[in-house]
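Please open the model in the viewer and keep the sequence at hand.

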Amino acid sequence: MLMSQSGRLARLHYLPGGFRQLSAGDHVVCAVSGAEIPLDMLRYWCAERQEAYATCEISVRRHLEEQ
């Protein structure tokens, strides 16, 4: 029997050029806004912090916080 992954939080390991899925799911949560990000829409993350971001603007803002 196949289990649906709909609505389930995925665990990912973020790499510099991609990510590896550690547990099944269909979305992750933005580290800043808390918004759900479907895996097929995930474009922005930080491998160093192991965080996902919902938008480019959020990603840049988070990066600038460290400066």
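The stops that follow concern a nonpolar core and a set of salt bridges in this predicted model.

**First stop: the core.** Select A10, L12, Y14, V28, C30, I37, L39, L42, C46, A52, Y53 and I58; these 12 residues form the largest nonpolar core. Two or more residues of this core come from each of the elements β1 (11-15) and β6 (51-53). In soluble globular proteins, nonpolar side chains tend to be buried together.

Leaving aside residues up to four places away in sequence, Y14 is in contact with F19, V28, L42, W45, C46, A47, Q50, E51 and A52.

Is E51 buried or exposed? Its relative accessibility is 15%, below the 20% limit, so E51 counts as buried. A salt bridge links the side chains of E51 and R49, with 3.8 Å from N to O, and R49 is buried as well.

E51 has a further salt bridge, with R62, where the closest N and O atoms are 2.8 Å apart. Because E51 belongs to strand β6 and R62 to helix α1 (residues 56-65), this pair ties together parts that are 11 residues apart in sequence.

Select E65, which forms a salt bridge with R62 at 3.0 Å between the closest N and O atoms. The two residues are three apart in helix α1, a separation of about one helical turn. With 52% relative accessibility, E65 counts as exposed. Finally, display R49, E51, R62 and E65 together: salt bridges with shared partners join them into one network.

Note on methods
Residues numbered from 1 in each chain as written. Predicted model: local features only at pLDDT ≥ 70, side-chain atom pairs only at ≥ 80, totals over all residues. Heavy atoms only, no water. Core = buried A, V, L, I, M, F, W, Y, C linked by side-chain atoms within 4.5 Å. Buried < 20%, exposed > 50% of the residue type's maximum accessible area, 1.4 Å probe, protein only. Helix = DSSP H or I, 4+ residues; strand = E, 2+ residues; numbered from the N terminus. Contact = heavy atoms within 4.5 Å. Salt bridge = Lys/Arg side-chain N within 4 Å of Asp/Glu carboxyl O.
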